[in-house]
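Biologist: I would like to go through the terms used for this model one by one. Please give the cut-off each time.

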Amino acid sequence: MKKLAFDTKLVHADRKINKPQFGAVHESTNNSVLFEFEDVQDLVDVFQGKKAGHVYSRSSSSSAVSLQNVLNELEDGVGAVVFATGMAAISSTFLSLLKSGDHIVVSQYLFGNTRSFMATIEGFGISVSFVDVTDVKNVQEACNINTKMVFCETIANPVTQVSDLQGIGDFCESNNILFALDNTMTPSVLLDAKAVKASLLLTSLTKYIGGHGNVLGGVLVDTGLFNWEAYTNIDYKYRVADPQQWGLTQVKKRGLRDMGATLAPQSAHLVSVGLETLTMRLRKTCVNAQALAKYLSTHRGVDVVHYPGLDYHPQHSRAKTLFKRGFGGILSVELSNDIDPHAFLNALSLVISATHLGDTRTLALPAASTIFFENGASERAKMGIADSLIRISLGIEDIEDILADFDQAFASVIENRRG
């Protein structure tokens with residue numbers, strides 16, 4: 001049988017990759033915390049990593065492994081590990097692979113929660129340099145002898161700066177530095193992350209993968225491109241068997257066993273079901289985002305629209321090269337000075353004011369006063385986040401209904417201003 005196309009694989013992955021019991025199409029949800037071994041030696045061998053198996057569901061379960069297998073297959077990796085949330089995936093990975101005295105280079109445009117975590121790891125003696133990752137030269141200049149990792153997002157949230165992924169990947173490969181990439185905004189439907197030489201992929205399953213605003217989750221995928229034998233932070237206990245698995249093994253042991261950032265079995269099932277429609281949802285989302293961005297870019301109530309699909313976006317050419325099926329579902333807009341952002345959001349009827357993205361529904365919120373409030377004015381200025389900035393996450397509604405909602409909202413606030 002010929003190799004399945006990507007979209008077909010999404011629909012049949014559970015059945016084809018994991019072979020559920022009894023002819024089931026989906027892997028069953030296994031809620032057992034403990035697992036019985038008829039031979040105690042088997043229990044010992046699984047504990048010691050000599051044999052695959054489950055001993056305690058905090059560390060692994062059939063539900064989690066099933067989802068891991070699918071996500072790893074989609075990214076053409078050598079292994080994956082799922083977590084309770086996207087932030088759990090990031091924090092577990094960083095705290096498992098970095099130690100005091102290490103240095104990392106990260107994007108100055110990082111999403112608010114991820115950026116605040118950088119302050120946490122600085123408290124553990126890990127130094128962090130924030131740079132403009134739209135040009136690899138800034139990354140190169142920031143690296144030093146202690147640099148262990150470069151970390152950025154594919155498209156920044158919310159101002160949509162597109163990282164110099166190919167340049168960073170080439171540089172990290174040449175210098176044996178981990179290239180950790182958050183591809184939440186551009187899952188494998190849009191981006192071949194392995195092609196840009198990312199070592200580790202970190203994704204919030206809560207967003208486009210799950211897609212329906214009903215489950216939390218995160219994943220780390222190892223693409224197999226990094227040489228773990230040369231990475232000094234791998235504990236001797238985990239330098240066993242296949243060297244390609246050393247990094248993941250250490251993250252699993254520390255992130256799941258020690259920190260307990262475990263994805264619940266029912267959550268794994270919901271993510272798996274949501275994953276099946278990823279391509280259809282994301283394709284519609286990208287089309288809607290492009291249409292809304294074009295509409296807003298010519299509206300008299302708007303000063304600027306940030307969206308990689310627009311010709312004037314600083315990284316538009318790069319985005320056309322990197323992203324296969326669209327420019328993502330996030331855009332941000334700076335309203336004209338005479339329109340109050342809060343009043344405008346309140347005037348929207350269909351669009352929901354909520355702090356989330358990658359949903360089937362279109363969402364919007366004032367970025368500066370919510371998700372980036374803790375960063376302060378000076379930090380927001382470096383990230384390009386204006387006080388008037390509204391972030392919009394497009395859903396899969398009919399675009400005419402979305403545009404009509406923006407039309408009536410603009411008409412409402414402009415009329416009230418005149419009154």
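Biologist: Which residue in strand 12 stands opposite Glu334?

Modeller: Leu389 in strand 12 stands opposite Glu334. This is a predicted model, in which local features need pLDDT of at least 70, side-chain atom pairs count only at pLDDT 80 or more, and totals for chains, interfaces and linings use all residues. Residues are numbered from 1 along each chain as its sequence is written, and side-chain values use heavy atoms, with hydrogens and water left out.

Biologist: What makes strand 9 and strand 12 a pair?

Modeller: Two strands pair if DSSP finds at least two bridges between them. Strand 9 and strand 12 are joined by 5 bridges, so they pair, and they run antiparallel. Strands are DSSP runs of E with at least two residues, helices are runs of H or I with at least four, and both are numbered from the N terminus.

Biologist: How do you know that strand 10 pairs with strand 11?

Modeller: 2 bridges join strand 10 to strand 11 (residues 363-366). The definition asks for at least two, so strand 10 and strand 11 pair. They run parallel, and Ser353 stands opposite Ala364 in strand 11.

Biologist: Why are strand 8 and strand 10 called edge strands?

Modeller: The open sheet has 5 strands in the order 8-9-12-11-10, with mixed pairing. Strand 8 (302-306) and strand 10 (352-353) each pair on one side only. For strand 8, the pairing with strand 9 is antiparallel over 4 bridges, and Val302 stands opposite Leu335 in strand 9.

Biologist: Why is Val33 called partly exposed?

Modeller: Val33 has 39% relative accessibility, which lies between 20% and 50%, so Val33 counts as partly exposed. Val33 lies in the loop between helix 1 and helix 2 (40-47).

Biologist: Which residues form a nonpolar patch on the surface with Val33?

Modeller: Leu34 and Tyr56 form the patch with Val33, with about 290 Å² of accessible area together. Nonpolar side chains (Val, Leu, Ile, Met, Phe, Trp, Tyr) are joined within 5 Å, and like charges within 9 Å. Areas come from the Shrake-Rupley method with a 1.4 Å probe, and for residues only the protein chains shown count as cover.

Key: Patch = residues over 30% accessible without salt bridge, like charges linked within 9 Å, V, L, I, M, F, W, Y side chains within 5 Å. Salt bridge = Lys/Arg side-chain N within 4 Å of Asp/Glu carboxyl O. Buried < 20%, exposed > 50% of the residue type's maximum accessible area, 1.4 Å probe, protein only.
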